[in-house]
Amino acid sequence: LGLLVLVHEAGHFFSARAVGMSPRRFYIGFPPALVKVKRKGIEYGIGAIPLGGYVKIPGMHRPAPSDLETFFGPALAEAPQLLAPLERLKRKFEEGDMEGARPLLSELEQALEETSVSNGARKAARRGLNELKDGLGGDAYWRQRTWKKVLVIFAGPGTNLLFAIVIFAALFVVGSGGYRLGFSLKGDAPVVDSVIADPAAEILKPGDRILRINGESVRSSGDVPSLIEKS
């Protein structure tokens, strides 16, 4: 399961990077993190709960006024002075002015730093600041052209599908020859060396010489698989 998740999330991850969306996180498993490292702005980690994983792509949805209520509600309840910068930012979101919202987000961040609130409220507010920064960034998912968004979303299951094809192709190659036929042959002669699996075991025994297949004469061991495959 962990391998399939890794393949799936890798599809999202590499396709997002290819079209200019810089993922913020690439995790296998769910938090808390057992190990994590940050390289080139991307946090890689392995979670303690090995039931899935995720890639964090910035700005999956357009910033909305409701985001402010969700992330900054606890801080606002403790520090009413945050109301003014929150309302100014909320107005920009309602107007759809994302460029004008950027300086106001910095203003809100400064106001939060100068305000005394509980650790829980501050943690939620900082998470909100990070989410909104991602949402207002140039590489945000919601800002991209439709084909890029479709590509990144499809890349996860698409990579799993490709992985399945590769695995079955490898099994086909590895399982070719005697195993696929259910018996093996002695050298170049069409003589059975050993019988590996049913239904061949019901018909053939070691030492049997194969004379004809579907009425066609067999001269060497190389004729056997090709004549069977033609049938």
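Helix axes are lines fitted to C-alpha atoms over the stretch in contact, and angles between them run from 0 to 180 degrees between N-to-C directions. All views show a predicted model.

**View 1. Packing of helix H2 against helix H5 in the predicted model.** The axes of H2 (residues 65-78) and H5 (residues 119-136) lie 8 Å apart and form an angle of about 150 degrees. Angles over 145 degrees count as roughly antiparallel, and H2 and H5 are therefore roughly antiparallel to each other. Their crossing is left-handed. From H2, Asp67, Leu68, Phe71, Phe72, Pro74, Ala75 and Glu78 take part in the contact, meeting Ala121, Ala124, Ala125, Arg127, Gly128, Leu129, Glu131 and Leu132 of H5. These contact residues comprise 10 nonpolar, 1 polar and 4 charged.

**View 2. Salt bridge between Glu69 and Lys90.** The closest N and O atoms of this pair are 3.4 Å apart. Glu69 belongs to helix H2 and Lys90 to helix H3 (residues 83-95), so that the bridge links distant parts of the chain, 21 residues apart. Glu69 is exposed, with a relative accessible area of 51%.

**View 3. Salt bridge between Arg143 and Glu99.** The N to O distance is 3.6 Å. Arg143 lies in the loop between H5 and helix H6 (146-174), whereas Glu99 lies in helix H4 (residues 98-113), 44 residues apart. Arg143 is partly exposed at 29% relative accessible area, as is Glu99 at 48%.

**View 4. Salt bridge between Glu109 and Lys133.** The side chains meet at 3.2 Å, N to O, and connect helix H4 with helix H5 across 24 residues. Glu109 is partly exposed, with 26% relative accessibility; Lys133 is likewise partly exposed, with 38%.

Technical notes
Residues are numbered from 1 along each chain as its sequence is written. This is a predicted model: local features need pLDDT of at least 70, side-chain atom pairs count only at pLDDT 80 or more; totals for chains, interfaces and linings use all residues. Side-chain values use heavy atoms; hydrogens and water are left out. Helices (H or I, at least four residues) and strands (E, at least two) are DSSP runs, numbered from the N terminus. Angles under 35 degrees count as roughly parallel, over 145 as roughly antiparallel, 65 to 115 as roughly perpendicular and the rest as oblique. A crossing is left-handed if the near helix is turned anticlockwise from the far one by less than a right angle, and right-handed if clockwise. Contact means heavy atoms within 4.5 Å. Ala, Val, Leu, Ile, Met, Phe, Trp, Tyr, Cys and Pro count as nonpolar, Asp, Glu, Lys and Arg as charged, and the others, Gly among them, as polar. A salt bridge is a side-chain nitrogen of Lys or Arg within 4 Å of a carboxyl oxygen of Asp or Glu. Buried means under 20% relative accessible area, exposed over 50%, partly exposed in between (1.4 Å probe, protein chains only).
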